[in-house]
Amino acid sequence: GAAIEALERLPPNQYATGWVLCTVGRAYFEMVDYPEAARMFEWSRKVEPCRLEGMEVYSTVLWHLKKEVELSYLAQEVTGMDRLAPQTWVVMGNCFSLQKEHETAQKFFQRALQALISIS
């Protein structure tokens, strides 16, 4: 889309940042191009490994791609960063959902919503 094209015109040192790469990943996600979205999120994690923002979208991409191992690893990583963040609860929910543990997944998604409400 146009947003991706605009961001791709940034100088390389500005493009290769966690924020831009996650934004491009989200744009590909919204265009239902999950493999390309995953590639952007993977790149963002290499550039900024402690970035939590956007990982809920990345986990949803991994869920759509049925990448159970990668999603489990992401869940471990974000839990280590901030186990009470809304993004972490969403990642955990997607992880359990992919493992067909839907009741547990639902509890994690509800926790994410509660965490978001308490922040605002």
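The points below concern a predicted model.

1. Helix packing. Two packed helices are described by the angle between their axes and the distance between the axes. For helix α7, residues 86-98, and helix α8, residues 102-119, the angle is about 170° and the axes lie 8 Å apart. Because angles over 145 degrees count as roughly antiparallel, α7 is placed in that class relative to α8. The crossing of the two helices, α7 and α8, is left-handed.

2. Composition of the contact. On the α7 side, the contributing residues are Pro-86, Trp-89, Val-90, Met-92, Gly-93, Asn-94, Phe-96 and Ser-97. From α8 come His-102, Thr-104, Ala-105, Phe-108, Phe-109, Arg-111, Ala-112, Ala-115, Leu-116 and Ile-119. By class, the residues of this contact between α7 and α8 comprise twelve nonpolar, five polar and one charged.

3. A disulfide is a covalent bond between the sulfur atoms of two cysteines. The number of disulfides in the structure is zero. For Cys-22, the closest cysteine sulfur belongs to Cys-50 at 13 Å, which is too far for a bond, given that a disulfide requires the sulfur atoms to be within 2.5 Å. Cys-95 likewise takes part in no disulfide; its nearest cysteine sulfur, that of Cys-22, is 19 Å away.

4. Burial of the cysteines. Are Cys-22 and Cys-95 buried or exposed? Cys-22 has a relative accessibility of 6% and therefore counts as buried. Cys-95, with a relative accessible area of 8%, is buried as well. The cut-off for burial is under 20% relative accessible area.

Conventions
Residues are numbered from 1 along each chain as its sequence is written. This is a predicted model: local features need pLDDT of at least 70, side-chain atom pairs count only at pLDDT 80 or more; totals for chains, interfaces and linings use all residues. Side-chain values use heavy atoms; hydrogens and water are left out. Axes are lines fitted to C-alpha atoms, for helices over the stretch in contact, and angles run from 0 to 180 degrees between N-to-C directions. Helices (H or I, at least four residues) and strands (E, at least two) are DSSP runs, numbered from the N terminus. Angles under 35 degrees count as roughly parallel, over 145 as roughly antiparallel, 65 to 115 as roughly perpendicular and the rest as oblique. A crossing is left-handed if the near helix is turned anticlockwise from the far one by less than a right angle, and right-handed if clockwise. Contact means heavy atoms within 4.5 Å. Ala, Val, Leu, Ile, Met, Phe, Trp, Tyr, Cys and Pro count as nonpolar, Asp, Glu, Lys and Arg as charged, and the others, Gly among them, as polar. Buried means under 20% relative accessible area, exposed over 50%, partly exposed in between (1.4 Å probe, protein chains only).
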